[in-house]
Amino acid sequence: MQLNPSQRLAVETIEGPVLVFAGAGSGKTRVITHRIFHMLQIGIPASQIVALSFTNKSAGEMRERLKKMMPKEKLRGLELSTFHALGLKILRSHITKLGYGEKFVLLNAQDQEALVLDLCKIKKIDPKAFPPKEILRSISFRKNTQSQTNVTSEQENLFEDYQKELRQRNSIDFDDLILLPKRILVEHPEIASDYHYRHRYFMVDEFQDTNRLQYEFLKVFRGPSKNLCVVGDDDQSIYAFRGSEIDLILGFEKEFPETKVVRLLENYRSTSLIIQAANSLIQNNKTRRPKELYSSIPSQEKVEYFELSDEKEEASFAISQIQSLLIKNEVKGNEIALLFRTNFQTRPFEEELRTRNIPYKVVGGYQFFDRKEVRDCIAYLRFIANPKDDLALLRILNYPKRGIGSTSIQTMLKFARENSLHLYDVLLRLAESVDFLKEIKPKLRGEINSLLDFHSDFQKRFFHGKMTLAFREMIQVLQMEKAISEEESEEKTIKARMYNIGELANMMNYFEEDLEMEVRPDLFGFLGRLSLLMEDDPREEEGKEDRRVQLLTIHQSKGLEYDIVWVHGLEEGILPNGRVMEGDGTVDEERRLLYVAMTRSRRKLYLTSARTRRRFGVSSEVEPSRFLSELDRSVVDFSLWGKPAKEEAALAFLADLEKWKLCF
DNA sequence: GGAAGCGTACTTTTT
DNA sequence: GTACGCTTCC
């Protein structure tokens with residue numbers, strides 16, 4: 001567990017600005033955790049230290065490692081979290097300073113889309129000509145880059161209306177988690193100086209992925225302290241689409257001329273052959289700091305590339321290889337990763353894994369929180385926490401079915417909009433007076449009354465009793481199971497969907513009973529936590545070993561490592577991605593993506609592509625990726641490249657054979 | 001006026 | 001192939 005001289009330098013240089021260029025697998029996380037450990041050892045109080053990362057996963061991992069190095073109590077007060085979690089914490093204490101109510105709601109992607117769609121209706125913008133997703137992307141890009149250039153007045157208006165609408169609903173979006181805290185700190189120096197007094201030492205992980213907004217937030221949060229250590233690798237910058245600026249890391253020394261620069265170039269993760277292959281690829285990028293990673297881990301195993309006929313073959317070939325490895329018990333499933341450029345590529349692989357009964361996990365993507373039943377339940381929770389949450393109310397107003405159809409809803413919505421009221425206010429008025437909105441039938445009024453009763457009843461139960469108990473009762477009262485069984489015919493899926501609701505209840509219970517929690521363990525706290533955790537899979541059982549084969553996008557794989565890595569879809573249009581090539585034509589970021597993917601592997605790396613691929617259900621021919629020709633042929637085995645179909649028939653036969661083996 | 005059934009358009013990457 | 005929107009049926 002020793003450190004090499006460069007790592008030691010990075011760990012022990014505590015005062016002043018430090019820039020650590022940490023190549024893939026060069027012990028970056030170890031440097032950060034040891035640095036924190038070192039600071040605590042020399043007597044710096046934990047509460048003075050702030051370490052920020054980009055994902056909950058890596059923040060959690062660092063915390064775990066630190067816990068193994070010292071007693072838990074020593075870590076009390078240490079601010080080790082993500083930018084967004086820190087922002088949420090600041091907003092919880094100070095958001096009223098910006099005129100927002102204390103009980104604000106954090107919108108997820110779906111809510112944002114719904115909001116923009118509403119906006120389009122009001123402003124008579126055709127959502128087909130301007131898809132909400134595009135609009136949101138440009139709003140987000142604008143917030144994150146803090147740029148005002150190239151903005152038409154039309155866009156400017158839309159941007160302002162969007163912010164206004166958020167404000168009116170007392171809601172914020174993900175970018176506001178950084179933007180609003182920054183504003184608070186800028187506009188309220190007294191709050192800023194509280195933080196400056198408290199925190200003195202700062203670290204940022206994955207600095208190459210920092211965008212302008214985060215950088216500026218960091219600046220005001222940090223205050224006059226120059227004890228700032230940033231760790232990153234320009235070759236692993238893969239978030240330009242989110243506004244990350246490679247110049248921030250490349251220009252760090254300009255901002256702080258006294259910066260001490262440390263380079264970590266020895267890779268301790270991968271075999272030398274893998275590193276050689278990765279180096280040969282990344283050298284093709286024009287704008288990078290010239291450097292060469294090296295590894296002294298010996299190996300005879302070359303990188304292997306296979307070209308298969310279509311995406312089904314691609315999946316069955318890889319999975320059959322994996323299956324025989326698993327049968328031989330040479331490697332655990334969770335040490336195998338299948339990496340993809342896009343989420344939709346995973347489907348044939350999932351199918352193949354299912355038919356062979358191999359446990360697998362699709363990391364992130366569309367999972368738990370995107371399931372209808374989970375979203376419905378969360379909408380109910382949001383409605384109970386805040387009845388003026390129009391989006392939540394809209395979702396549950398007629399689910400389970402109450403006979404409130406779209407015409408009635410439109411009538412109510414129209415009234416709400418014309419009088420700038422919340423939908424909930426309209427419901428209240430309907431209950432108060434029979435003369436109000438005559439179009440709404442008496443039968444519906446009855447339903448609305450009982451919904452209002454339901455709301456006040458459960459608001460009491462949630463806030464005055466045990467939350468989880470209230471939730472379970474709520475599911476009963478709503479007859480969710482009945483509603484679900486009307487949608488599904490198979491007993492198995494009904495059970496699975498109810499199980500998901502049960503998981504949500506378990507999460508709530510876990511949250512409620514966690515005594516270490518810094519936030520109040522109430523419904524607001526839970527909902528805030530939920531929206532931050534959206535990307536993690538709550539079904540992971542704590543402490544139990546996860547042996548499932550991992551499927552994930554390259555973006556999600558950053559910072560992780562596996563014994564065996566497969567990178568799939570090495571085709572023009574997929575990697576490099578087709579959309580990227582429409583614009584200015586630079587594929588450097590795509591090349592970095594492949595570089596990141598390749599350097600995840602410790603022992604063995606496989607690359608695959610398909611010759612034809614189905615898109616929207618239609619097959620068409622695709623070209624192999626240009627990146628393949630950039631790889632050093634002496635370390636990559638291309639032997640199965642372009643072999644005709646009979647090879648594939650043999651492979652399919654072998655795959656079937658493996659299937660048989662499993663039966664015995 | 002509401003629910004079910006059929007036709008159409010779409011997938012880059014994320015906190 | 002699927003999610004959503006529009007049309008028809010009850």
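This is a predicted model: local features need pLDDT of at least 70, side-chain atom pairs count only at pLDDT 80 or more; totals for chains, interfaces and linings use all residues.
Figure 1. In total, 29 residues surround DNA strand B, and F241, N343, F344, G405 and T407 are the closest. Sorted by class, the surface comprises 16 polar, seven nonpolar and six charged residues.

**Figure 2. The hairpin of β15 and β16.** Strands β15 (residues 612–615) and β16 (residues 618–621) are paired in the antiparallel sense, with four bridges between them. R615 lies opposite V618 of β16. Two residues separate the strands of this hairpin, and F616 adopts a positive phi near 55°.

**Figure 3. The buried side of helix α1.** Helix α1 (residues 5–12) has Q7, A10 and V11 as its buried residues. Because these residues cover an arc of only 100° around the axis, they fall on the same side of α1. An α-helix has 3.6 residues a turn, so residues three or four places apart point the same way. The packing partners of the buried residues of α1 are β1 (18–22), α2 (28–41) and β8 (260–264).

**Figure 4. The largest nonpolar core and the surroundings of A51.** The largest nonpolar core contains 93 residues, of which V20, A51, V204, V231 and Y380 touch the most other members. Helix α16 (residues 372–385) is the element that gives the most to this core, supplying seven residues. When residues up to four places away in sequence are left out, A51 is in contact with I32, I36, M62, L80 and M203. Another core, of 57 residues, lies apart from this one and includes L293, Y305, V362 and A597.

**Figure 5. Q479 in the loop between α21 and α22.** Q479 is located in the loop that lies between α21 (467–478) and α22 (480–487). This residue counts as exposed because it has 12 C-beta neighbours inside 10 Å, and the cut-off for an exposed residue is 12 or fewer. Although Q479 and P400 are 79 residues apart along the chain, their C-alpha atoms are separated by 7.7 Å.

Methods
Residues are numbered from 1 along each chain as its sequence is written. Chains are lettered from A and ligands numbered from 1 in the order in which they are written. A residue is near a molecule or strand if its C-beta atom, placed from the backbone, lies within 6 Å of it. Ala, Val, Leu, Ile, Met, Phe, Trp, Tyr, Cys and Pro count as nonpolar, Asp, Glu, Lys and Arg as charged, and the others, Gly among them, as polar. Two strands pair if DSSP finds at least two bridges between them. A residue is buried if 20 or more other C-beta atoms lie within 10 Å of its own, exposed if 12 or fewer, and partly exposed in between; C-beta atoms are placed from the backbone. The arc is that of the directions from the helix axis to the C-beta atoms. Two residues are in contact if their C-beta atoms, placed from the backbone, lie within 7 Å. A nonpolar core is a set of buried Ala, Val, Leu, Ile, Met, Phe, Trp, Tyr and Cys residues joined through C-beta atoms within 7 Å.
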